[in-house]
Amino acid sequence: MIEMDDAIRIVLENTQIIDTETVDLMDALGYVLAKDIRSDINMPPFDKATMDGYALQGGDIASASKSTPIVLDVIEEIPAGTVPKRTVGKGQASRIMTGAPVPRGADTVIMVEDTETETGGQKVRVLDVTGVGENIARLGEDVTVNQVVLNKGAQVRPPEIGILAAVGAVQVPVFRKPIVGVIATGSEVVEPMRVPEPGQIRNSNGYSMMAQALRASAQVKYLGIVEDDAAALNRVIGEGLDTCDVVMLSGGVSAGVYDLVQDAMRELGVKVLFDRIRMKPGKPLTFGVKGRKLVFGLPGNPVSSVVGLELLARPAIRKMQSMERVHHAQAKTVLKADFHQSPGRKQFVPARSVPGNQGIWTSDWVGHHGSADLFALARANSLFVVEAEAEHVPAGTALDLILLENW
Ligand code: AMP
Ligand code: MG
């Protein structure tokens, strides 16, 4: 039996970074970039007007004011998306729109609010001065050709999608999302579309595990329910090892005579690195590796399986993709009510928590009974952590809180 901190360390030490692939721009959301992304163009790609107004020579209007307006000839109109044809000379101006290229000869744009048009738009009266060079964004001012605009390791969120689009990176190099193969074990377990007969239960774990794996940014492959039979287990775990990056099992890891998962793992050449954790819920949690493949044998009790996956498997799935933050965020919390446990194992207690003053949260135990109560979990958004040696934890005690993000 090992401590939880050691279990987490062993899992992460044995987790390798996955290979990379290329995905289309809009599929890249949520992936981690596998390479630095460089711009293929200057941004702006030309000297660009940042205001609607007139492009002109700043020297011409140095003395302009309401009482002494300067009148210039308007020689051209330049909407955004067009290319100016005429060079602006002394005493001349071109009407220009935001985003349009500044014409040759002009060094300044005066905004339309500081002007008045004359004689049907052929002339403009400038009513105020503006600094030479104003209202122009210069070529390459934001980004120059070949400049790195996103770093390898960045997770693609909406702004990164915008940047990828801006630099023409329509094929995006990313770390592959690991394929998690999910297996539910137990001769009593039936698929959700069936009404359980006497002695049977529905497979809830297989589905919640797949949902959790998806939330952890994995792809999932459902390998089905396997009865408590050594040959059947060997076959399906073997299939998982052949076709997936991570194999995740529910049940069959306790000490009973029908708990055959560990034997099957060993027989298939999986090196079992631990099979018991001094934690609650979820003591009989098994972890092994075969080459780069990871195998998690999670306990059958739904709450144990959920907690084990969030605290051990999720960090591994995220590390495989080079994600920076692999663990859930933590906070400090105080308990709303007294809490008791029989000492011996560090406990992760599903709780409903709300943020309070100065970053301290308040937590309310969701009241699961033993580790079987799946329904209580639906109220939980966090786990508060009770140290192994604690017995009576009075209301108001400050504890560590794990926030189940994206839950
Ligand atoms: P086990 O770890 O196989 O001894 O299972 C422990 C408990 O979890 C038993 O009550 C099982 O019936 C239950 N259980 C096992 N697998 C599942 C599953 N896929 N969905 C829901 N409950 C399960
Ligand atoms: Mg079982």
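User: How are helices H1 and H6 oriented relative to each other, roughly parallel or roughly antiparallel?
Analyst: In this predicted model, H1 covers residues 4-13 and H6 covers residues 302-320. The two helices pack at an angle of about 25°, with their axes 9 Å apart. Angles under 35 degrees count as roughly parallel. The orientation of H1 and H6 is therefore roughly parallel.

User: Which residues of H6 does H1 meet?
Analyst: H1 passes H6 in a right-handed crossing. On the H1 side, the contact is made by Met 4, Ala 7, Ile 8, Val 11 and Leu 12. By class, the contact has 9 nonpolar, no polar and 1 charged residues. The residues met in H6 are Leu 311, Leu 312, Pro 315, Ala 316 and Lys 319.

User: Is the protein chain a compact globule or more spread out than one?
Analyst: The protein chain contains 7 helices and 28 strands. For its 407 residues the globule rule gives 22 Å, whereas the radius of gyration is 32 Å, well over that value, so the chain is more spread out than a compact globule. Along the principal axes, its C-alpha atoms fill a box of roughly 100 × 50 × 40 Å. The answer is thus more spread out than a compact globule.

User: Which residue in E20 stands opposite Val 272?
Analyst: E18 pairs with E20 (residues 286-290) in the antiparallel sense, over 3 bridges. Within E20, the residue opposite Val 272 is Gly 288.

User: What is the average twist from one strand to the next in the open sheet ordered E7-E4-E6-E5-E9-E8?
Analyst: This open sheet has 6 strands, and its pairing is mixed. Its edge strands are E7 (108-111) and E8 (115-118). From one strand to the next, the twist averages 40°.

User: In which sense do E22 and E25 pair, parallel or antiparallel?
Analyst: E22 spans residues 330-335 and E25 spans residues 360-365. The bridge partner of Lys 332 in E25 is Ile 360. Over 4 bridges, the sense of pairing between E22 and E25 is parallel.

User: Which residue in the hairpin of E24 and E25 takes a positive phi near 50°?
Analyst: E24 (residues 346-355) is joined to E25 by 5 bridges, and these strands run antiparallel. One of the pairings places Ala 351 with its bridge partner in E25, Trp 365. The hairpin has 4 residues between the strands, and the residue with the positive phi is Gln 358.

How values were computed:
Residues are numbered from 1 along each chain as its sequence is written. Chains are lettered from A and ligands numbered from 1 in the order in which they are written. This is a predicted model: local features need pLDDT of at least 70, side-chain atom pairs count only at pLDDT 80 or more; totals for chains, interfaces and linings use all residues. Side-chain values use heavy atoms; hydrogens and water are left out. Axes are lines fitted to C-alpha atoms, for helices over the stretch in contact, and angles run from 0 to 180 degrees between N-to-C directions. Angles under 35 degrees count as roughly parallel, over 145 as roughly antiparallel, 65 to 115 as roughly perpendicular and the rest as oblique. A crossing is left-handed if the near helix is turned anticlockwise from the far one by less than a right angle, and right-handed if clockwise. Contact means heavy atoms within 4.5 Å. Ala, Val, Leu, Ile, Met, Phe, Trp, Tyr, Cys and Pro count as nonpolar, Asp, Glu, Lys and Arg as charged, and the others, Gly among them, as polar. Two strands pair if DSSP finds at least two bridges between them. The radius of gyration is taken over C-alpha atoms; the globule rule is 2.2 Å times the number of residues to the power 0.38.
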